[in-house]
Structure formats: C-alpha cells, structure tokens
Amino acid sequence: MAEPLPIPSDDWCIGVHVPELRAGYTLLKWESTRPPAERVRVREYTCDCQPTFYELCQAGGLLFIRRTRRRGREILIDESAPTRYAKAMIVWGRLLSGLVR
C-alpha cells in the first residue's frame with residue numbers, strides 16, 4: 001500500500017472545515033462502506049487537512065455522507081445511510097454547523 005499523504009499545512013488550506021461540536025448535537029449512524037452499485041458523485045466536501053473529513057455523495061438519485069478518518073497509517077471509511085435529497089441536505093448543513101457528528 002502506498003504511503004498516506006501528509007496532512008497539508010495551514011498556509012494553503014482554503015477548504016470548508018467542520019467546526020467543533022455544539023451543545024445538543026446528534027450522532028449519525030455510520031456503516032462500513034459497501035461496494036457501489038453504480039457511480040458515485042461527490043457533490044460537496046470538507047477540507048482534508050484534518051484527520052477526519054467528509055464528502056456529500058450521490059448515487060442512484062440518493063445522497064449519503066462519506067466519512068474518512070486517518071488513524072496513523074490506517075484509513076477508515078464509513079458512510080451514512082442513503083436518503084433523499086432534502087433530508088441529506090439538512091443533515092449536511094447540520095454537520096457543517098457542528099450539530100451532527
């Protein structure tokens with residue numbers, strides 16, 4: 001397996017960052033990634049300068065959130081359950097507001 005990419009330094013980091021959790025946050029149910037039935041399109045994403053970053057993905061008309069966690073040399077990838085657009089956008093917005101993790 002190839003060496004993991006180093007975490008970028010802050011001097012060129014310009015992406016969206018997930019804030020610290022706020023009071024009253026909720027936890028998403030994360031599942032191990034499953035083989036994609038079809039192509040997956042990444043619609044939005046957070047900056048990968050942190051050990052954990054997220055992607056809002058679309059496949060087959062449904063959206064889900066993919067979470068990637070770097071733990072030393074190990075990379076763990078989980079996904080939320082696929083759901084319809086309106087609900088996924090609410091969850092994505094809550095994630096970017098520190099209300100979901």
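**A buried aspartate and its surroundings**

Tutor: Let us begin with D78, which lies in strand β5, residues 74–79. Please keep in mind that this is a predicted model.

Student: What makes D78 count as buried?

Tutor: Its relative accessibility is 10%. Buried means under 20%, so D78 counts as buried.

Student: Which residues does D78 touch, apart from those up to four places away in sequence?

Tutor: D78 touches W30, E31, S32, T33, I65, R66, R67 and R69. As for W30, its C-alpha atom and that of D78 are separated by 5.8 Å, although the two residues are 48 apart along the chain.

Student: How do you know that the side chain of D78 makes a polar contact with that of R67?

Tutor: The distance is 2.7 Å. A polar contact requires N or O atoms within 3.5 Å, one able to donate a hydrogen and the other to accept it, so the pair D78 and R67 qualifies. A polar contact of 2.6 Å also joins the side chains of D78 and R69.

Student: Is R67 buried or exposed?

Tutor: R67 is found in strand β4. Its relative accessibility is 13%; the limit for buried is under 20%, so R67 counts as buried. Leaving aside neighbours within four places in sequence, R67 is in contact with W30, T52, F53, Y54, L76, I77 and D78.

**The sheet**

Student: What is the order of the strands in the sheet?

Tutor: The order is β1-β5-β4-β3-β2, in an open sheet of 5 strands with antiparallel pairing.

Student: Why is one side of β1 and of β2 left without a neighbour in the sheet?

Tutor: β1 (31–32) and β2 (41–45) stand at the edges, and each has a single partner strand, so one side of each has no neighbour in the sheet.

Student: What makes β3 and β4 a pair?

Tutor: Two strands pair if there are at least two bridges between them. Strand β3 (residues 52–59) and strand β4 (residues 62–71) have 8 bridges, in the antiparallel sense; they therefore meet the requirement of at least two. A59 stands opposite L62 in β4.

**The core and the cysteines**

Student: Which residues form the largest nonpolar core?

Tutor: This core has 10 residues: W30, Y54, L56, L63, I65, A88, V91, W92, L95 and V100. The elements that give two or more residues to it are β3, β4 and α1 (85–96), and α1 provides the largest share, 4 residues. In soluble globular proteins, nonpolar side chains tend to be buried together.

Student: What does L56 contact, leaving aside its neighbours within four places in sequence?

Tutor: The contacts of L56 include L63, I65 and W92. Among the others are R41, V42, R43, E44, F64 and M89.

Student: Why are C47 and C57 called buried?

Tutor: The relative accessible area of C47 is 11%, and C57 has 0% relative accessibility. Buried means under 20%, so the term applies to C47 and to C57.

Student: How many disulfides does the structure hold?

Tutor: The structure holds 0 disulfides. A disulfide would need a pair of cysteine sulfur atoms within 2.5 Å.

**The chain as a whole**

Student: What pattern does the protein chain follow along the sequence?

Tutor: The pattern is β-β-β-β-β-α, with 1 helix and 5 strands. Of the 101 residues in the protein chain, 30% are buried.

Definitions and conventions:
Residues numbered from 1 in each chain as written. Predicted model: local features only at pLDDT ≥ 70, side-chain atom pairs only at ≥ 80, totals over all residues. Heavy atoms only, no water. Core = buried A, V, L, I, M, F, W, Y, C linked by side-chain atoms within 4.5 Å. Buried < 20%, exposed > 50% of the residue type's maximum accessible area, 1.4 Å probe, protein only. Contact = heavy atoms within 4.5 Å.
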